[in-house]
Amino acid sequence: MKQVTIRLIAVLLLVIPGIAATYGFLLMKDAIFHYFSSFGDDAAVHNFEWWTFILGMVLFLLGVGFIGGWTFFRDRKRNYVSSRFREKRPRPPRPGV
């Protein structure tokens with residue numbers, strides 16, 4: 001039962017940032033859509049919803065950054081990354097001449 005609970009918590013740690021990133025993307029999309037859709041109205045004032053767009057961008061970047069960082073460090077731990085991303089090891093000392 002302990003293993004199932006740990007896996008459930010691990011899945012939730014990835015699902016919550018994924019939902020936040022999706023919601024942020026939708027906020028950005030809606031802000032842009034509302035701006036362009038207001039051009040058809042005669043009496044509409046063409047204001048861009050900056051706060052909605054910025055909130056959406058912050059949610060999107062935090063969610064994608066968390067999932068990307070988690071994937072990167074997991075792959076780094078399992079040695080799946082390129083040699084430039086692997087942890088640097090100190091060189092062994094040179095033998096005295």
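Leucine 62 counts as exposed because its relative accessibility is 58%, where exposed means over 50% relative accessible area, buried under 20% and partly exposed in between (1.4 Å probe, protein chains only). The model is a predicted one, in which local features need pLDDT of at least 70 and side-chain atom pairs count only at pLDDT 80 or more, while totals for chains, interfaces and linings use all residues. Residues are numbered from 1 along each chain as its sequence is written, and side-chain values use heavy atoms, with hydrogens and water left out.

Leucine 62 belongs to helix H2, which covers residues 50-77; helices (H or I, at least four residues) and strands (E, at least two) are DSSP runs, numbered from the N terminus. Together with Trp50, Trp51, Ile54 and Val58, Leu62 makes a nonpolar surface patch of about 630 Å². Patches are made of residues with over 30% relative accessible area and no salt bridge, joining like charges within 9 Å and nonpolar side chains (Val, Leu, Ile, Met, Phe, Trp, Tyr) within 5 Å. Accessible areas come from the Shrake-Rupley method with a 1.4 Å probe, and for residues only the protein chains shown count as cover. A salt bridge here is a side-chain nitrogen of Lys or Arg within 4 Å of a carboxyl oxygen of Asp or Glu.

Helix H2 itself has 28 residues and spans 40 Å from its first C-alpha to its last, close to the expected 40 Å at 1.5 Å a residue (the expected span being 1.5 Å times one less than the number of residues). Buried positions in H2 are Phe53, Gly56, Gly63 and Asp75, and the cover over the buried residues of this helix includes H1, with contact taken as heavy atoms within 4.5 Å. After H2 comes asparagine 79, with a positive phi near 65 degrees.

Turning to the aromatic rings, the structure holds nine aromatic pairs. Rings of Phe, Tyr and Trp (its six-membered ring) pair if their centres lie within 6.5 Å, and planes under 30 degrees apart count as stacked, over 60 as edge-to-face and the rest as tilted. Tyrosine 35 and phenylalanine 48 form an edge-to-face pair, 5.5 Å centre to centre with 80 degrees between the planes. Because tyrosine 35 lies in helix H1 (residues 2-37) and phenylalanine 48 in the loop between H1 and H2, this pair ties together parts 13 residues apart in sequence. Tyrosine 35 is partly exposed at 24% relative accessible area, and phenylalanine 48 is partly exposed at 21%. Ring pairs also link Tyr35, Phe36, Phe39, Phe48, Trp50 and Phe53 into a cluster.
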